[in-house]
Structures are given as structure tokens and as C-alpha cells.
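Please read the points alongside the sequence and the coordinates.

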Amino acid sequence: MMKKMKFHPLLVIFFVILILPFINDNINFHHIMIMFLIYAGLGEAWNIITGFAGQTSFGHAAFFGIGAYTSTVLFYRMHISPWAGMILGILLATLVAAVVSYPCFKLKGHYFAIATLAIAEIIKQIFISWEYVEGATGISIPVMDEGILNMQFHTSKIPYFLIAFAIFSIAVLTAHYIEQNKMGFYLKAIREGGDAAEAIGIDTVKYKLFAMMISAALSAAFGTLYAQYILYIDPFMVFTMDVSMKIVLLTVLGGLGSIYGPIIGAAILIPLSEYTRIFLGGTGKGVDLIIFGALIVAVACFEPEGILGIFKKGQRKKRGVDYARATT
Amino acid sequence: MPEPLLDVRGITMKFGSLVANEDVTFAVNEGEIVSLIGPNGAGKTTLFNCITGFYKPHSGRVFFNGIDITAKPPHYSARLGLTRTFQIVKPLKEMTVKENVMTGAFLRTSGKKQAELTAMEILELTHLAEKSDVPAASLTIADKKRLEIARALATRPKMLMLDEAMAGLNQTEIKDAMELCLGLKRKGITLLVVEHIMEAIMPISDRVVVLNAGKKIADDVPENVTSNEEVIKAYLGERYNAKSKKS
């Protein structure tokens, strides 16, 4: 059905996102575009383990934070380039994901979700009381010369945007590739029934582990970028449940288990939260989440497949005739 | 005598104080259709679960193709060529019929095209081809049972274990299922079938293994099993057994 189109919808989405900051020169808008890419990308990463494989993680801030802290600590203490820090952060997050989730995969359903929540909180507490990483005070990243090597840019936000766009594209394409291939079929089979999946030869533990590791690796990359962009991190910013929950909520709103879901969700939530912060300031804190909460309730009641489900329904109506023929 | 394809030796499985399988030993040779029958609660499904690794038996061993598969995870036996279906069908609901079968086919290939070809071939064989793009959740129970078999077949098994694949089907559908079993046998697939519908399985089985209260009470060709006194007693109770003795 997609083949009739001239361009793959993903290409159109990429193109639109890429040109937007060059059309609108507003600095706030650039900031929102960067945050949008970070959260949409985190949503894509989270979607691999939760949307595809059905293992609900409420602790993805842990991987995001590990990515942010690894590069920041290496830069702050040893002046190692954030790019090297990003790679080490990815490796570390992947390792933590493997070690931590392996025993958790024995837990089913809600218990797995609770375990991820608890683990993320434990990691946050460790960072709060860890002196080498400046504990609860957090780290102000030393301002260095602007340039790609230091991943610091002081005159324009566009370079940050381009880096965010690159990592976002990698996340989307990774999720897309997984979805279209054997691993995607296997992860969805695991989501829909572990026993059925095992019976047809799927090593469910192995595939869940792969999915979690890929998901953690992508999340960590965004962590490094975020730290370099804000130039200050503390455990309450990067390891907070707010981050984990935003990832969950925007993906659920957009459409769980679809590569378009996180993009749609982030396109709504991020401008909403950034603009309420800009216009309402400190007094408006939480207004975005109130509106977003209402949206989630509406989606849960009327369209459990997320906003994407509304589009799908429209498509199905168009193809209604074929569908009816196929079912009889 | 050649080594049996599936060799079950002295399987005992307990749930607390309940003994679901007690020292069950039997074998299935390559190319055979063997059925496993017994009254409700005889331990047939438990035995299936022990063989395929969903349960870890208390004692006893299972060999497939000479390889010890006792207490190995189910995906391990599937990879060796021993695939099962479930009595309570487990379709991958949000996937289409074709995607369900492709998921099975991915066991022997990583290529999407190849998996699709295998899936289409098997959908033809199981009469599901015209429903290939329908979501699995919207199938009728008969089609879900077919899909269960189709998905298992897509893994290219040497041996297929069917757990009550015919239950709940009407007469014509049962005929189809019998034909399918015989067709699979001709293709060289060994079958172990749990079934309640005697008239369906007696004609197609090479051998029948009877379980009662967890123990094996008969293991013979269908003709001998139907006249076996202990089997009649298990199915009909003491009184009818006494009557049959008098006559």
C-alpha cells in the first residue's frame, strides 16, 4: 500500500524536520526543535523494548543519565572529547542494560515494569551520593572553545540541532530496520505471547536482551548530547522519573509500537511543555503535564492505539472493500 | 532397529502431591503418526509440556534425534526440529495471518523474502491463503487452529506435536484436519497427536499410546487398543467393563 507513494513517509518527515529551523529563525524555536528531536529519539529507543517487545520499561532515564554522566565526567575530570565520552557512555549503558535486565526478564508484566522503575531510582540515588561525580550538586561542564570536537557551540543552536537530527535519524532508522526484519517479527511475537514464541524456536530471553541493549545504547547517545547542550547536569535532571515518564507518555499518545508514534507524540508534548514554560514561567510549571494528562486520558478512552490509530482507521476505511473481501 | 526419533524415558512430573505423569516411557519412530489419548486429566498436556521443555520433569529423560532435550528451553527443541502447537490456541493477535506464519519461518532463514515464500506455501497447504492479510485475532476458532499448525509447520519441523488440534471443529473441518495429517506424513513429517476424537485419529494413527491417571496403560496399534480391557475400563468405568466381560 505504501509502494504507490513516490516517497517513503519517513523521508518526508526527515525533510520537513530538517528544514524547519532554517525557515523559522527564532532561537526559542530552535531550542524546541532540539528538545523535540531528543525526546522523539528517546521515544524511538524506548519503543524497541516496550512497543515492539512488550517489556514495559519505566526506567529509561537511567540509560539517558548514564550517557550524560559518562561523557560529562570524562570531559570534566580528564578533558576527553565528548564524542569519545558518547561512545563510552553507549557501551556502559548497554552493559548496564544487559546486567540489570537479564534477571528482571524472569519477571512478567507489571513486575518487570516495577523493577525497571526501582533500578532507575537506585542508580539515581547512587549518583546523588557519589562524590567523584559531584553528587547532588551536579557538574557544570567547563565552557571550552566552540567546535565540533568539544561538542560545544555558543553562537548558534543549529550545530546542536544537526547533531540531534543525526542521532534521531539513527534511532528512527534502527527502529525501522528492526521492525521490517526478522528481529521485529520476533520481538512482536514475544510481546503477544512468550510461550507461543518459544514454541516456534525464538530464544525469548536473548531477543529481549538484544532489544534492551539497543534501546539503552540509543538512549545514552541522547544523554551525552543533552549534557553538552545544557552544559550542566545533576542527578535530578537526567535520572528523574520525569524523563522516564515523558518518554512513556509521548510514545503512548503518538502510537505505541509504531516508528511514527514517538515522532507524533513528541511533536505535541515538547512544544506544549516548552511553550508553557516560556509563556508562564515558574508559575506554569506542570501545566503542560496537566494538558498532556488530559490528552492521554482522551486517547486511552477513545483511541487506544494512539493518535496514529486515528490515521490507521481512515486508511482502513479507504481499503474497506478489499478488507471485506479478504475476510469472507 | 533404528533409533526412535523421539524417545521418552520414565518421565515423572509432580505438582505438589499430585502426580501428573508417572514413569511414562514411549517412543515415536521417524515417519509415524502416534496418538496420545486418555480421559480428561490423564496428563497428556503435562507430558507435552515436559517433552517440549515448558516443564522440567522430576525424573526421566527425553531424547530427540539422539540428543538429550530434557529441561532444555522450548526454543532449543524447536531449533532441532521438534515443534508443538497449543491446545489453547495462541495466535499472535495483532499480526496478520501471513505475519504469524512468517514468524515461524524465520527460524530457518533471516531473509524476509524467503520467509514470505515459505509462509505463502504453507498457507496454501493449510487452506489459509485467501485470509493471509486478515489480523489473526479476527479468525474463527477453526482457522485459529489451522493457523496454529501453519505457524508450527513454517519452522520446518522433523516432528510436529499437535495438542488437540481438532477439538471444537465440525465434521468437515475434522476431515480436512485428518487429510492434512496424512499429507504431512507423506511429506515425511513425524506426528505426535493428542486428541479426544477417536473416529478422527484411529484411522490415521500407526500407534496409539493411552494414558490414564498419569500412567501409560497401553501402547499398540489402533485395533488392539480399542479392544484393550484396561483402556475400555479407563474410558467407560468399571461397570461397563464388567458387562463386556459377561458377553
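1. In which sense do strand β1 (residues 6-15) of chain B and β2(B) pair, and over how many bridges? In this predicted model, the two strands pair in the antiparallel sense, and the pairing runs over 7 bridges. One residue pair can be named: K14(B) has V19(B) of β2(B) as its bridge partner.

2. Turning to the contact between the chains, 18 residues of chain A are in contact with 31 residues of chain B. On the chain B side, the elements that give two or more residues are α2 (74-80), β6 (82-84), α3 (97-105) and α5 (141-153). The residues on this side of chain B comprise 12 nonpolar, 8 polar and 11 charged.

3. Within chain A, helix α11 (residues 241-254) meets helix α12 (residues 261-280): their axes come within 7 Å and cross at roughly 110°. Angles of 65 to 115 degrees count as roughly perpendicular, and α11(A) and α12(A) are therefore roughly perpendicular to each other. Their crossing is right-handed.

4. The contact of these two helices draws on K246(A), L249(A), L250(A), T251(A), L253(A) and G254(A) from α11(A). From α12(A), the residues include G261(A), P262(A), I263(A) and I264(A), as well as G265(A), A266(A), I268(A) and L269(A). By class, the contact of α11(A) with α12(A) has 9 nonpolar, 4 polar and 1 charged residues.

5. Helix α12(A) also packs against helix α13 (residues 287-302) of chain A, at an angle of about 145° and with the axes 8 Å apart. The crossing of α12(A) and α13(A) is right-handed.

6. Which residues of α12(A) meet α13(A)? They are L269(A), L272(A), S273(A), T276(A) and L280(A), and in α13(A) they meet V287(A), D288(A), I291(A) and F292(A).

Key: Residues are numbered from 1 along each chain as its sequence is written. Chains are lettered from A and ligands numbered from 1 in the order in which they are written. This is a predicted model: local features need pLDDT of at least 70, side-chain atom pairs count only at pLDDT 80 or more; totals for chains, interfaces and linings use all residues. Axes are lines fitted to C-alpha atoms, for helices over the stretch in contact, and angles run from 0 to 180 degrees between N-to-C directions. Helices (H or I, at least four residues) and strands (E, at least two) are DSSP runs, numbered from the N terminus. Angles under 35 degrees count as roughly parallel, over 145 as roughly antiparallel, 65 to 115 as roughly perpendicular and the rest as oblique. A crossing is left-handed if the near helix is turned anticlockwise from the far one by less than a right angle, and right-handed if clockwise. Two residues are in contact if their C-beta atoms, placed from the backbone, lie within 7 Å. Ala, Val, Leu, Ile, Met, Phe, Trp, Tyr, Cys and Pro count as nonpolar, Asp, Glu, Lys and Arg as charged, and the others, Gly among them, as polar. Two strands pair if DSSP finds at least two bridges between them.
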